[in-house]
Amino acid sequence: MCRITVRKMELLLLEASIFLSIYTTVAESPSTITVGAVLSSQQAGEVFEEAINRANADSDTLPPGLHLNSTFILMDDNPIRAARAICDSLIPSQVYVVIASHPPHSDLSPMAVSFTCGFYNIPVIGIAARNSAFSDKVGKFDFFFPSPYI
């Protein structure tokens, strides 16, 4: 069973929309935003897509006129391959924010997601990463932790 429920993913999307509102002004606000995700399993990807669809269907979740698109890739245990997958798949989709999971056997891949997205000034919301290296602001990247109540 997938540990990430649709409700948890909806809460992450709410956090993503808050961060997006911080980063964009009303004048440059797009009507369609693509939310990317780097997730640990296909099942988590399906939950992510379902949460996006539910957010679009519920008129109370998103501001009027805003529509979310989704794109996700599976997290690779190898940080180099994870970074390359982001460059090959997520960046061309023009994502505004990335939700990052963790691979089952490595703690380095979320760091690769964060650094790669940081290079493109794309904020990252980490689902399960709790590494102290993410608190280092010297890298000039944005990595947000969800509320512990999610």
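## Loop residues with positive phi

N121 sits in the loop between α4 and β4 (124-126). The model is predicted. Phi of N121 is near 60°, a positive value in a residue other than glycine. The relative accessibility of N121 is 65%, so N121 counts as exposed.

Q94 is another such case: a residue other than glycine with a positive phi, near 55°. Its place is the loop between α3 and β3. Q94 has 61% relative accessibility and therefore counts as exposed.

## Overall architecture

The protein has 4 helices and 5 strands. Along the sequence they follow the pattern α-β-α-β-α-β-α-β-β.

There are 150 residues in the protein, and buried ones make up 45% of them. Take the contacts with a separation of 6 or more: residues 24 or more positions apart account for 71% of these. The protein exposes about 8,200 Å². Carbon and sulfur atoms supply 55% of that area.

## Helix α2

Helix α2 covers residues 42-57, which is 16 residues. At 1.5 Å a residue it should span 22 Å. The end C-alpha atoms are 23 Å apart, which agrees.

Which residues of α2 are buried? They are A44, G45, V47, F48, A51, I52 and A55. Seen down the axis of α2, these buried residues fall within an arc of 160°, so they line one face of the helix. On the other side of α2, N53 and A57 are exposed.

## Q42 in α2

Q42 belongs to helix α2. Its relative accessible area is 44%, so Q42 is partly exposed; the exposed class would need over 50%.

Q42 is in contact with F72 and L74, leaving aside its neighbours within four places in sequence. M75 lies 33 residues from Q42 along the chain. The C-alpha atoms of Q42 and M75 are separated by 9.9 Å.

## Helix α3

Helix α3 runs over residues 79-90 and has 12 residues. From its first C-alpha to its last it reaches 15 Å.

The buried residues of α3 are A82, A83, I86 and L90. Viewed down the axis of α3, they fall within an arc of 100°, so they line one face of the helix. The face turned away from this buried side carries the exposed residues I80 and R84.

What do the buried residues of α3 pack against? Their partners are the strands β1 (32-39), β2 (67-74) and β3 (95-100), together with helix α4 (109-119).

The N-terminal end of α3 is capped by N78. A side-chain oxygen of N78 lies 2.8 Å from the backbone nitrogen of I80. I80 is also one of the exposed residues on the face of α3 turned away from its buried side.

## T71 in strand β2

T71 is found in strand β2. Is T71 buried or exposed? Its relative accessibility is 17%, so T71 counts as buried; the cut-off is under 20%.

T71 touches T34, V35, G36, A37, F48, L90, S93 and V95, not counting residues up to four places away in sequence. Among these, F48 is one of the buried residues of α2. L90 is one of the buried residues of α3.

## The aromatic pair

A pair of aromatic rings is described by the distance of the centres and the angle of the planes. Rings pair if their centres lie within 6.5 Å, and planes over 60 degrees apart count as edge-to-face. By this rule the count comes to 1 aromatic pair. The rings of F119 and Y120 have their centres 5.2 Å apart and their planes at 90°, so the pair is edge-to-face.

How exposed are the two partners? F119 has 67% relative accessibility and counts as exposed. Y120 has a relative accessible area of 39%, so Y120 is partly exposed.

Terms used:
Residues are numbered from 1 along each chain as its sequence is written. This is a predicted model: local features need pLDDT of at least 70, side-chain atom pairs count only at pLDDT 80 or more; totals for chains, interfaces and linings use all residues. Side-chain values use heavy atoms; hydrogens and water are left out. Rings of Phe, Tyr and Trp (its six-membered ring) pair if their centres lie within 6.5 Å; planes under 30 degrees apart count as stacked, over 60 as edge-to-face and the rest as tilted. Buried means under 20% relative accessible area, exposed over 50%, partly exposed in between (1.4 Å probe, protein chains only). Helices (H or I, at least four residues) and strands (E, at least two) are DSSP runs, numbered from the N terminus. The expected span of a helix is 1.5 Å times one less than its number of residues. The arc is that of the directions from the helix axis to the C-beta atoms. Contact means heavy atoms within 4.5 Å. A polar contact is a pair of N or O atoms within 3.5 Å; within protein, one must be able to donate a hydrogen and the other to accept it, and residues adjacent in sequence count only if both atoms are side-chain atoms. Accessible areas come from the Shrake-Rupley method with a 1.4 Å probe; for residues, only the protein chains shown count as cover.
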